[in-house]
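Let's take a walk through this structure together, starting inside one chain and ending where chains meet. Have a look at it first, then read on.

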Amino acid sequence: MDFIKALEGRTKEMQLSLIKNKLKSLKIDIETEVAGETLDNLLFLLLKAMGLLFLINKDYRKNIKDFTGTYVICSMDKKIDVSAIFKKIPVFFTKIDGMEVKDSIVDNATTTVTFKDGKAMADFLLSGNTDVIAGMLNNQLSVSGNLNYLFKFVYLLWLIPELLGINDFKELLSQPA
Amino acid sequence: MNNKASLEPLIFDIARASFVDGPGVRTIVFFKGCPLSCPWCHNPESQSYKAETMYFPEDCIDCGNCKEGKKCLTRARRIIGKKYSPEQLVEIILEDKAYFKTSDGGVTFSGGEALSFINYLSLVLPALKKEDIHIAIQTCGYFDFNSFVSKILQYIDVIFFDFKIMDEDTHHNLLGKSNQIILENFVNLLQHKTSVIPRIPLIPHFVANKNNLDAIAEFFLKHKVKHCEFLYYNISSREKLIRLNREPAEDLPEKAAHMAQNRAWIDYFRHKMKKK
Amino acid sequence: MYEKINKVRNKLKEYTPENLNTKLPLLDTLLGLHYNAAAEVDIERARYMTAHFKQTEHLNVPMPIRRAEAISSYLSKREIAFHDNNMLAGGTTGKALGAPLYPEFFGLSIWPELGDISTRDENPQILDKNDAEILNFEIFPYWMEKSIAEEVRKEDPYRQALLEKMIIYTISKAATISHTTPCYELVLKKGIQGIMEEAVQKEAEYSEDKEKSIFYQSVRIAMQGILDYAANIAKEAAKQADTETDPKRKKNLQQMAEVCKQVPANPAKTYREAVNALWICQVCIFAENSNMAINPGRIDQILYPYFIKDYKAGDLSIEDTLNISGSLWLKLADNVNLVPEAAEKLFGGAGAVPAVTLGGVDKDGNDAVNELTYILLKVTELLPIQDPNVNARFHPKKNSVDYRNEVSRVILTNKAIPAFFNDIQNIKTLEDQGETPEHARDYAVIGCVELGSAGRDYSASSSIFMMMYTILYMALHNGRTTVTGDQPLWKATGNPEEFNTFEEFFEAYKEQTELMADNAVSLNNTYGKKHQEFLPTPLLSAIFKGPMDAGRDLIYGGAVYNSSGVTHIGFADVCDSLCAIKDICFNENNTDMHLSLKEFVKAVDNNFEGYELLEAYLQNDAPKYGTSDTVAAEISQKLIDLGYEVFNTQENYRGGNYRVAYWTMTNHAGYGSVVGALPSGRKANVPFSSGITPVSQIETELTTSLNCVAALNSKHTPGAYALNMKYSPVECSPENVDRFGSIVQTYMDKGGQQVQFNIHDYKTLKEAKENPDSHPHLLVRVSGYSAYFKSLNKAMQDELITRSQYNLSSGKFVSL
């Protein structure tokens with residue numbers, strides 16, 4: 001939210017350009033993270049990007065019109081604690097549909113996804129839906145709460161690479177460090 | 001004949017729900033041991049009257065059980081040949097009695113050579129006949145005729161009688177025994193009421209050649225035999241021989257004959273039978 | 001009678017799969033089109049349903065009426081298409097081969113795949129881009145809080161969460177109201193108009209009784225939807241006929257227009273009308289309930305009067321009958337289930353399984369096989385397609401050997417269908433469940449193998465799936481599971497070292513079974529109550545015996561019989577595991593292999609690594625179900641008795657009981673491929689054995705194997721079971737057909753309920769796996785239904801490949 005707060009008082013054009021710059025640097029951060037070892041931060045970075053994409057991409061924002069889900073994504077080893085709260089965001093001198101990301105766990109989540117660790121989470125993010133079941137059975141991840149919210153969230157998540165100009169997560173993974 | 005074997009036979013396989021070797025659904029009992037030694041025998045483990053070990057090294061895990069004289073649990077060493085008391089064998093056969101009844105099937109004693117064990121069979125067959133089981137025998141023809149007639153013929157419904165090589169010398173050289181007794185037995189059997197169906201295994205080169213088939217046809221015509229069946233060469237014997245630590249015969253065909261070729265021989269034979 | 005039947009049979013001999021293109025070109029063309037059709041997701045129903053529900057959101061309309069209106073609105077507005085020259089009108093969806101999407105059930109699970117469901121590797125289902133947008137923006141958001149699983153979560157989040165662990169129990173009500181046989185006879189005799197008039201009259205009669213009058217009102221609305229749909233078909237067919245230039249197609253369209261003007265509104269007068277009326281009603285039921293195991297039932301009985309009247313009058317030839325019946329077969333195959341990629345692994349390749357039942361005895365116990373039975377068997381032979389699931393009832397004392405052998409011949413020819421059902425045992429079993437002899441004799445097969453009196457029994461036969469693997473795991477691990485953490489899930493029933501005898505251990509197994517059963521029943525009943533609240537079924541209720549008299553929806557127990565079904569996954573593997581535990585841990589006389597239960601569990605948990613000798617012993621020497629072993633015989637019966645004991649007296653939400661069954665669809669392969677090893681010697685991630693079938697690749701005799709299954713007390717398997725046998729192909733000579741039939745009959749004489757076959761050898765199936773295009777339409781029996789081998793997931797393909805194969809010539813088990 002700090003980044004959004006920092007936009008306050010700037011002109012619309014300035015806000016827009018700051019957001020775009022921030023997304024560019026997030027893209028680099030994501031690529032660096034994927035090339036790195038632990039991947040613990042990948043989700044947080046992706047969510048940050050997701051939140052900003054909602055602000056500047058009208059078509060993407062259309063997906064969350066009046067949407068108010070709250071997601072908690074965490075890991076059993078406590079290295080990942082992220083919340084994503086869908087709500088109206090005050091930018092461009094108005095309030096628009098968006099998402100706030102927190103690096104902590106909030107109460108009253110609609111859906112909570114718990115990964116075993118960062119690797120399990122990365123596997124989920126990078127290998128596609130089929131492995132969710134295997135993941136659940138191997139205790140790599142567990143889900144509680146409304147599954148329909150998770151289905152929607154996964155859909156939104158998988159739109160990101162294209163919007164960021166990354167062809168595919170998998171391709172991203174195979175890039176040299 | 002082999003008197004010792006006739007007392008205590010080994011059985012190397014019992015096949016149930018078989019569609020061959022007789023009418024309906026059948027149980028086939030395979031005795032171990034045969035007086036002939038056909039090099040093409042597709043059950044080479046049936047030839048010796050003694051128990052043998054077949055080796056499946058791919059299943060061995062080097063557990064050492066065999067060295068300690070314990071049972072091989074991985075089935076890398078499989079003992080071929082098992083004794084059954086007449087009562088045990090009857091019990092196993094009767095397990096499928098209901099299947100025999102619905103299908104007009106029964107039991108077929110095969111081998112090896114079932115008729116090497118006439119005394120043993122004389123303890124088994126009456127019990128089966130009492131239960132109204134259809135009984136068939138599959139034989140190479142080399143057996144003690146008098147003992148057969150006096151002890152078990154009355155229980156038998158059908159006999160499948162193999163015809164292999166007609167030339168006496170070739171028969172003796174290849175199969176280890178003269179075919180005199182075999183042909184005599186066949187002719188003598190025709191005097192009895194029991195149905196006898198001759199069978200010709202179409203072993204390429206050895207059996208399926210013009211001279212030999214001509215001779216069989218001639219023999220059949222002479223003895224007014226009208227109907228016969230054909231069997232085809234089965235190559236599974238090679239692998240089995242290796243597992244038994246035996247050498248496959250050098251001139252054994254490496255491939256099964258093409259069905260078209262088998263049919264051509266059958267046509268040839270039928271043609272010969274009609275001609276005269 | 002036989003003389004007349006033989007006359008028809010002689011005529012039928014002219015038709016073979018080889019001459020289909022010359023003798024029955026229509027069916028040949030339709031079959032080709034079916035084989036080449038790609039499955040498409042159809043959202044038309046979801047669109048109309050959602051629109052109606054949105055409009056009526058705050059109107060306070062009672063749910064039965066609101067739902068009836070929604071369904072009616074879809075039926076009266078849906079587009080009418082004629083994709084080909086099929087003689088029947090109407091389609092499950094607007095697509096030639098459609099996967100309808102039911103947002104109130106599990107439709108939202110394809111949300112993550114909206115972008116790529118059309119192109120995924122396994123069984124792609126084509127989704128139009130524009131439709132994907134509609135789903136994403138209009139349909140899915142509306143149902144996020146309202147899908148049935150979410151309604152249940154609000155009431156019982158604990159048990160719903162356990163369901164989502166997937167390997168404990170499954171409640172198929174999360175996805176469907178289904179698995180029953182409607183009473184199409186009612187429609188053929190009364191016409192929808194007749195049923196509607198009855199509803200109007202009763203609505204007036206019960207105007208004081210709010211619940212009843214609402215029910216009758218909802219029936220009236222739903223029936224209007226059916227009438228509108230048929231009228232629209234008639235109109236559209238006539239319109240298209242006017243401009244059609246191809247004379248054949250023009251004539252067919254004109255005839256369809258005439259047929260649909262008559263039926264299903266009025267009683268059927270001709271065979272074609274009767275078949276088309278049945279089909280249109282089947283389609284309309286799919287508007288209300290998901291396309292899973294809604295069964296046409298005993299159509300050789302229901303349709304016979306219409307056939308014989310036309311046939312005798314000379315208005316209908318055998319060729320016509322084959323064309324009309326074949327058209328029905330291909331129509332029944334016009335839909336598949338929508339399957340999200342995540343579920344492919346567990347359920348891939350499943351069809352919609354509409355079950356057709358042929359033969360057997362009639363209500364009075366007499367031979368019911370007639371000319372139409374043989375005609376429909378011929379259709380089954382000529383059209384080797386996944387659906388319908390064709391089942392042949394056989395009464396060894398009442399039906400002829402000729403009939404038995406004709407069914408056998410069809411199986412040996414198309415290598416998979418039909419399945420055989422034993423009338424003597426199954427009728428006894430249903431009587432034991434409280435059905436009258438007349439009703440029990442009139443049973444039809446439901447979905448895979450389940451039994452229910454046709455049109456009277458709303459049996460919801462696939463309600464609960466019990467994972468026997470997890471029960472055993474809990475018994476071996478003091479109540480823990482692999483997916484619910486370090487604490488016992490329900491009860492600590494003891495660590496392995498605490499059991500002194502096998503009986504003590506079995507007691508723990510029993511306790512865990514009871515706990516799982518209680519939890520599964522409780523959750524299923526919650527689902528049932530939510531179905532009552534949110535998913536009333538007035539349309540299906542009207543085409544059923546009971547609801548119209550009782551004034552009560554099926555979902556509220558309006559049917560004559562009201563059971564639920566529970567099936568088990570992993571029977572043979574768990575049975576062999578218990579045998580092994582008894583033999584290795586609690587048998588002093590076993591000198592070949594002895595281990596403490598603690599050590600044994602350790603070996604199993606290590607997937608037998610470092611325990612190769614134990615593994616060999618388990619493979620070759622341990623007692624096994626399917627052999628003549630007496631310990632195995634005893635334990636298999638004990639397990640069957642236990643399942644019956646814990647379920648048969650439990651009450652469901654409609655006042656009926658739970659019927660125990662053993663069939664597994666593709667689940668045994670899917671679940672087996674994701675869980676650990678078992679004491680039977682089955683290694684981790686290997687498919688379980690299917691249905692009630694003994695474990696694959698154990699060396700045993702065909703007859704011994706059949707005898708073991710037949711020996712199980714079938715009164716304790718009232719939901720029936722699937723026994724899968726695999727034979728090497730044999731020459732289809734009359735002698736072999738008779739032998740094949742004899743084996744089936746003897747198995748039945750010994751008490752077997754059901755058996756189905758794959759006549760394929762290892763080699764063919766391996767080839768088909770490696771090179772799918774070499775056998776594009778290879779049809780196999782899975783565990784209660786048929787599927788195209790190509791469409792199955794790898795685990796299921798492997799399970800089919802490794803199934804024990806028997807060589808019918810030699811009678812021997814053929815090892816892989």
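A residue counts as buried when its relative accessible area is under 20%, as exposed when it is over 50%, and as partly exposed in between (1.4 Å probe, protein chains only). Before we use that, some ground rules: this is a predicted model, where local features need pLDDT of at least 70, side-chain atom pairs count only at pLDDT 80 or more, and totals for chains, interfaces and linings use all residues. Residues are numbered from 1 along each chain as its sequence is written, chains are lettered from A and ligands numbered from 1 in the order in which they are written, and side-chain values use heavy atoms, with hydrogens and water left out.

Now find helix α26 of chain C, residues 597-605. Helices here are DSSP runs (H or I, at least four residues), strands are too (E, at least two), and both are numbered from the N terminus. In α26(C), the buried residues are Leu597(C), Phe600(C), Val601(C), Ala603(C) and Val604(C). They cover an arc of only 160° around the axis, so they sit on the same side of α26(C). (The arc is that of the directions from the helix axis to the C-beta atoms.) Why does such spacing work? An α-helix has 3.6 residues a turn, so residues three or four places apart point the same way. The buried residues of α26(C) pack against α21, α22, α25 and α27 of chain C, where contact means heavy atoms within 4.5 Å. After the helix comes Asn607(C), with a positive phi near 55°.

Helix α32 of chain C (residues 762-770) buries Tyr762(C), Leu765(C) and Ala768(C). Their arc is only 135° around the axis, which puts them on the same side of α32(C). Over on the other side, Lys763(C) and Glu770(C) are exposed. Among the partners that the buried residues of α32(C) pack against are β12 and α33 of chain C.

Time to zoom out to the chains. Of the two pairs of chains in contact, B and C share the most contacts: 25 residues of chain B touch 32 residues of chain C. Together these chains bury about 2,300 Å², 56% of it on carbon and sulfur atoms; buried area is the accessible area (1.4 Å probe) that two parts lose on being put together, summed over both. In chain B, Phe19(B), Leu73(B) and Tyr99(B) lose the most area to chain C, together 36% of what that side buries. And chains A and B? No contact joins them, and their closest C-alpha atoms lie 31 Å apart.

Key. Arc of directions from axis to C-beta.
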